[in-house]
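Please look at the structure below with the following points in mind. They cover the ligand site and the aromatic pairs.

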Amino acid sequence: MLLFLDTAVYSEIEEAVALGVVDGVTTNPSLIAKAGLKLEEEIPRICELVQGPVSAEVLATDAEGMLAEATVLAGLHEHVVVKVPLTEAGLQTVARLRPKGVRFNVTLCFTVAQALLAAKVGAHYVSPFVGRWDDIDRDGSELIRDMTAVFQNYGFDTQILVASVRSPLHVSQAAMWGADVATLPLKVLRQMVRHPLTDVGLARFLEDARRARES
Ligand code: G3P
């Protein structure tokens with residue numbers, strides 16, 4: 001299973017890359033705005049740091065605008081994966097540029113039916129948002145369960161990139177259901193590392209070693 005970091009903050013990516021567990025990065029317009037960045041300047045820098053797929057999202061909502069933006073984004077770096085929303089214009093853009101070698105991450109996916117269309121049009125990734133289902137009192141992991149089952153039925157090449165991850169549980173659920181990728185904030189990555197029993201066990205080892213040295 002691949003792990004991507006869901007951020008546009010360079011220092012967060014540096015910290016995660018140093019752990020040796022991050023395979024790529026996803027950004028979105030909200031994350032770019034929050035980091036106060038210009039996409040065209042920051043994406044190549046992130047690509048060089050992470051040396052893996054970096055998703056950069058278009059802002060246009062019409063097919064012609066998306067086509068123009070996707071072409072610019074794809075030209076920024078070989079690791080760029082163009083993010084388009086799961087809309088008719090987004091699907092049209094994938095259909096038109098996929099044959100030219102542009103890789104797409106179709107985002108804002110909330111149903112298996114939507115994911116089927118992303119797979120049919122040849123998206124490299126489709127991003128189901130589990131956390132935003134949870135936000136409206138629905139179990140987002142059921143979406144991943146159903147999506148992975150359907151994709152296995154037909155052997156789709158499109159990879160399921162679980163997004164809107166709010167906790168280590170979302171990552172574990174994505175792995176249990178066989179999703180290809182999970183993209184997570186640095187906060188969740190840090191939570192994945194830590195466990196109170198690990199801390200207690202380490203303290204006990206060190207205390208026993210200290211006592212042995214002093215005896
Ligand atoms: O970047 C796409 C997705 O991960 C956004 O997550 O937390 O805004 O629902 P969130």
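1. A polar contact is a pair of N or O atoms within 3.5 Å; within protein, one must be able to donate a hydrogen and the other to accept it, and residues adjacent in sequence count only if both atoms are side-chain atoms. In the side chain of Arg-166, an N or O atom is 2.8 Å from an oxygen atom of the ligand. Polar side-chain atoms of Asn-28, at 2.8 Å, and of Ser-164, at 2.7 Å, also lie by a ligand oxygen atom. Of the 310 Å² of accessible area that the ligand has on its own, the protein covers 82% (Shrake-Rupley method, 1.4 Å probe).

2. This is a predicted model, where local features need pLDDT of at least 70 and side-chain atom pairs pLDDT 80 or more, while totals for chains, interfaces and linings use all residues. Residues are numbered from 1 along each chain as its sequence is written, and side-chain values use heavy atoms, without hydrogens and water.

3. Which residues surround the ligand? They are Asp-6, Asn-28, Lys-83, Phe-129, Arg-132, Ala-163, Ser-164 and Arg-166 (a heavy atom within 4 Å).

4. The whole structure has five aromatic pairs (ring centres within 6.5 Å; planes under 30 degrees apart are stacked, over 60 edge-to-face, the rest tilted). Phe-110 and Trp-133 are edge-to-face, because their ring centres are 6.4 Å apart and their planes at 80°.

Key:
Rings of Phe, Tyr and Trp (its six-membered ring) pair if their centres lie within 6.5 Å; planes under 30 degrees apart count as stacked, over 60 as edge-to-face and the rest as tilted.
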